[in-house]
Amino acid sequence: MAITVETIKNALVTSNQAVVKGILYLHSQQTADEQESKDTAYKNHRGFKVSHAKRGSELAEKIMAGESLSMAELCEASAICMEYANTQLLDLARRVHGCN
């Protein structure tokens with residue numbers, strides 16, 4: 001099975017688990033100082049863009065604290081993840097599933 005951008009986008013629309021995993025993955029790709037400051041300091045094509053760093057980090061930290069995201073927060077997180085469906089999240093899915 002080929003994993004495509006559409007596969008990723010479909011998962012982000014239909015699966016809260018995919019959204020949570022996406023936000024956590026993107027947050028994990030931020031450098032330690034970026035995670036601490038909830039900002040993007042480097043143009044390394046990893047983690048959040050500047051426009052998503054603060055809110056994406058807040059959502060990831062809430063999840064890591066064991067809290068559930070509200071429906072509104074899940075929608076926000078999904079919208080953020082959609083921005084990475086054709087880059088980092090696609091690459092991740094292909095690595096995890098061993099597909100092209």
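**Reading helices, contacts and burial: a dialogue**

Tutor: Welcome! Let us begin with Q35, a residue of helix α3. Please keep in mind that this is a predicted model.

Student: Thanks! How do I read the relative accessibility of Q35, and how does Q35 count?

Tutor: Buried means under 20% relative accessible area and exposed means over 50%, with partly exposed in between. Q35 has 25% relative accessibility, so Q35 counts as partly exposed.

Student: Which residues is Q35 in contact with, leaving aside its neighbours within four places in sequence?

Tutor: With those neighbours set aside, Q35 is in contact with H27, S28, Q30 and E61.

Student: Let me try another loop. Where is A41?

Tutor: A41 belongs to the loop between α3 and α4 (50–64). With a relative accessible area of 53%, A41 is exposed. For a sense of distance, the C-alpha atoms of A41 and G98 are separated by 31 Å, and these two residues are 57 residues apart along the chain.

Student: Now for the helices. How should I describe two that pack together?

Tutor: The general idea is to give the angle between the two axes and the distance between them. In this structure, helix α1 (residues 5–14) packs with helix α5 (residues 71–82) at an angle of about 175 degrees, and their axes are 10 Å apart. An angle over 145 degrees counts as roughly antiparallel, so α1 is roughly antiparallel to α5.

Student: Which residues of α1 and α5 meet?

Tutor: On the α1 side, find K9, L12 and V13; they meet S78, C81 and M82 in α5. Sorted by class, the contact of α1 with α5 has four nonpolar residues, one polar and one charged.

Student: Could we look at S78 in detail?

Tutor: Gladly. S78 lies in helix α5, and its relative accessibility is 13%, so S78 counts as buried. A polar atom of the S78 side chain lies 3.1 Å from the backbone oxygen of L12. Not counting residues up to four places away in sequence, S78 touches L12 and V19.

Student: What about I8 and V5? Where do they lie?

Tutor: I8 lies in helix α1, and V5 lies in helix α1 too. I8 counts as buried, because its relative accessibility is 9%. V5 has 24% relative accessibility, so V5 counts as partly exposed.

Student: Which residues are they in contact with?

Tutor: Leaving aside neighbours within four places in sequence, I8 is in contact with I3, A85, L89, L90 and A93. By that rule, V5 is in contact with A85, N86 and L90. V5 and G22 are 17 residues apart along the chain, and their C-alpha atoms are separated by 14 Å.

Student: One last topic. How many disulfides does the structure hold?

Tutor: A disulfide is a pair of cysteine sulfur atoms within 2.5 Å. The structure holds zero of them. Take C75: it is in no disulfide, and the nearest cysteine sulfur, that of C81, is 12 Å away.

Student: Is C75 buried or exposed?

Tutor: C75 counts as exposed, because its relative accessibility is 52%. C81 is likewise in no disulfide, with the sulfur of C75 as its nearest cysteine sulfur, 12 Å away. C81 has 0% relative accessibility, so C81 counts as buried.

How values were computed
Residues are numbered from 1 along each chain as its sequence is written. This is a predicted model: local features need pLDDT of at least 70, side-chain atom pairs count only at pLDDT 80 or more; totals for chains, interfaces and linings use all residues. Side-chain values use heavy atoms; hydrogens and water are left out. Axes are lines fitted to C-alpha atoms, for helices over the stretch in contact, and angles run from 0 to 180 degrees between N-to-C directions. Helices (H or I, at least four residues) and strands (E, at least two) are DSSP runs, numbered from the N terminus. Angles under 35 degrees count as roughly parallel, over 145 as roughly antiparallel, 65 to 115 as roughly perpendicular and the rest as oblique. Contact means heavy atoms within 4.5 Å. Ala, Val, Leu, Ile, Met, Phe, Trp, Tyr, Cys and Pro count as nonpolar, Asp, Glu, Lys and Arg as charged, and the others, Gly among them, as polar. Buried means under 20% relative accessible area, exposed over 50%, partly exposed in between (1.4 Å probe, protein chains only). A polar contact is a pair of N or O atoms within 3.5 Å; within protein, one must be able to donate a hydrogen and the other to accept it, and residues adjacent in sequence count only if both atoms are side-chain atoms.
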